[in-house]
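Here are my notes on the model you sent. Please read them with the structure open.

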Amino acid sequence: RQEMLRLARRVKAMFVDILPAMLKGTRSELDAVAVRDDEVDFLHGEIVAYLGRVSHEPLTEDQTTDLVHLLEIAGDLENIGDVIETNLVSLGRQRLERGVVVSPQTQEILESFHAEILHALDAAELAVTQGNVDAAEVVRGMKREINRMADAAALHGVDRLVADEPHRLAAYALERDMLENLKRVYYFAKRMARVIVSREGRSRS
């Protein structure tokens, strides 16, 4: 669990740094975020290898279920790293290649959405590393607000299609993809929270 905490913090730090790099950073700043996924992949691999060795020990049914859940959580964290390294970094590079400038209004909307998802990651980290069910329920309960903010951001993007700005179609496509990939990060945070809630329900039964 301590190594899971280290993995979670590495992933969360990448998520914090990707937003300014994606919206207005240079290629070198984007590359600096992308390369950090190598450490995430390494930690994930070491955790999986360790759990694989543990799986060959005599385990109770509950211990076996916990082991499977830890593998799922490690996979979710690694998937968040991949979304950042593969998708969000790529969108930042496309912004540079296409000469797209994200408007201040859109930046503000994406920053608010990013902050909400970061809150979900904070709560998911607490849930996973301390078995905190209340924190897990916070993550699950954020779904409605996340969807509301995503819908509002999408409507703003549609409104900008009529703006008299260069590259507005390219900007719309990029901003939509940024939004969708940020939302995917919440999906993995919610999956981790669901595992913790499921574990607590099993322990009470």
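This is a predicted model: local features need pLDDT of at least 70, side-chain atom pairs count only at pLDDT 80 or more; totals for chains, interfaces and linings use all residues.

1. Mean pLDDT for the protein chain is 91. Of the residues, 92% score at least 70. Confidence is highest in helix α2 (residues 27-35), with a mean of 97. Helix α8 (residues 168-204) is where confidence is lowest, at a mean of 86.

2. **Overall make-up.** The protein chain has eight helices and zero strands. Read from the N terminus, the order is α-α-α-α-α-α-α-α. The C-alpha trace spans about 65 × 35 × 20 Å along its principal axes.

3. **Helix α5.** This helix covers residues 104-130, 27 residues in total. From first C-alpha to last, α5 reaches 39 Å. That is close to the 39 Å expected at 1.5 Å a residue. What follows α5? Glycine 131 does, and its phi is positive, near 60°.

4. **α1 against α2: geometry.** Two packed helices are described by the angle between their axes and the distance between the axes. For helix α1 (residues 2-24) and α2, the axes come within 9 Å. They cross at roughly 160°. Angles over 145 degrees count as roughly antiparallel, so α1 and α2 are roughly antiparallel to each other. Their crossing is left-handed.

5. **α1 against α2: residues.** On the α1 side, the contact uses Met14, Asp17, Ile18, Ala21 and Met22. On the α2 side, Glu29, Leu30 and Val33 take part. By class, the residues of this contact are six nonpolar, no polar and two charged. An α-helix has 3.6 residues a turn, so residues three or four places apart point the same way. Check the α1 list with that in mind: Met14, Asp17 and Ala21 are among its members.

6. **α1 against α5: geometry.** How do the axes of α1 and α5 cross, and within what distance do they come? They cross at roughly 180° and come within 10 Å. α1 and α5 are therefore roughly antiparallel to each other.

7. **α1 against α5: residues.** α1 contributes Met4, Leu5, Ala8, Arg9, Lys12, Phe15, Val16, Leu19, Leu23 and Lys24. From α5 come Gln107, Leu110, Glu111, His114, Ile117, Leu118, Leu121, Asp122, Glu125, Val128 and Thr129. The contact of α1 with α5 has 12 nonpolar, three polar and six charged residues.

8. **Taking α1 as a whole.** α1 is roughly antiparallel to α2, and α1 is also roughly antiparallel to α5. Met14 and Ile18 are among the α1 residues that meet α2. Phe15 and Leu19 are among the α1 residues in the contact with α5.

How values were computed:
Residues are numbered from 1 along each chain as its sequence is written. Side-chain values use heavy atoms; hydrogens and water are left out. Helices (H or I, at least four residues) and strands (E, at least two) are DSSP runs, numbered from the N terminus. The expected span of a helix is 1.5 Å times one less than its number of residues. pLDDT is the predictor's confidence in each residue, from 0 to 100. Axes are lines fitted to C-alpha atoms, for helices over the stretch in contact, and angles run from 0 to 180 degrees between N-to-C directions. Angles under 35 degrees count as roughly parallel, over 145 as roughly antiparallel, 65 to 115 as roughly perpendicular and the rest as oblique. A crossing is left-handed if the near helix is turned anticlockwise from the far one by less than a right angle, and right-handed if clockwise. Contact means heavy atoms within 4.5 Å. Ala, Val, Leu, Ile, Met, Phe, Trp, Tyr, Cys and Pro count as nonpolar, Asp, Glu, Lys and Arg as charged, and the others, Gly among them, as polar.
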